[in-house]
Amino acid sequence: MTRPEPVNLTAALVSFDEIYSPRIVARINDYDVRIAHTLGEHVWHVHADTDEFFLVLDGQFDVSMRDADGQESTVVLH
């Protein structure tokens, strides 16, 4: 089995500047690892069949969540 090459996220991010236009930089266990630039609010949505992972490299990203009862909460990522 070949070992994947490390990905320089900073270099990958400077290769494009479109907002909310994710780019796939790796695959892990059948999951795409995507990077994206963000700005302002994003349309709330849900992925019923998978989880999402957020890593904030610069700035702040607020993630709004709803539990099974519809109660909302926000997690602030720095």
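N29 is found in the loop between β1 and β2, where strands are DSSP runs (E) of at least two residues, numbered from the N terminus. The model is predicted: local features need pLDDT of at least 70, side-chain atom pairs count only at pLDDT 80 or more, and totals for chains, interfaces and linings use all residues. Residues are numbered from 1 along each chain as its sequence is written, and side-chain values use heavy atoms, with hydrogens and water left out.

Although N29 is not a glycine, its phi is positive, at about 50°. D30 lies in the loop between β1 and β2 as well, and this residue, also not a glycine, has a positive phi of about 70°. N29 is exposed, with a relative accessible area of 66%; D30 is exposed too, at 70%. Exposed means over 50% relative accessible area, buried under 20%, and partly exposed in between (1.4 Å probe, protein chains only).

## The paired strands

Strand β1 (residues 23-28) is joined to β2 by 5 bridges, and the two run antiparallel; strands pair if DSSP finds at least two bridges between them. I28 stands opposite Y31 in β2. The hairpin of β1 and β2 has 2 residues between the strands.

β3 and strand β4 (residues 72-77) also run antiparallel, joined by 6 bridges. Here R66 stands opposite E72 in β4. The hairpin of β3 and β4 has 5 residues between the strands, and G70 takes a positive phi near 85° in this hairpin.

## Aromatic rings

The structure holds 1 aromatic pair. The rings of F54 and F61 have centres 5.2 Å apart and planes at 35°, so the pair is tilted. Rings of Phe, Tyr and Trp (its six-membered ring) pair if their centres lie within 6.5 Å; planes under 30 degrees apart count as stacked, over 60 as edge-to-face and the rest as tilted. F54 counts as partly exposed at 36% relative accessibility, whereas F61 counts as buried at 17%.

Another ring, that of F16, has R23 over its face, at 4.2 Å from the ring centre. A charge sits over a ring if NZ of Lys or CZ of Arg is within 6 Å of the ring centre and within 35 degrees of the ring normal.

## The exposed loop residue F53

F53 has its place in the loop between β2 (31-35) and β3 (61-66). With a relative accessible area of 72%, F53 is exposed.

Terms used. Helices (H or I, at least four residues) and strands (E, at least two) are DSSP runs, numbered from the N terminus.
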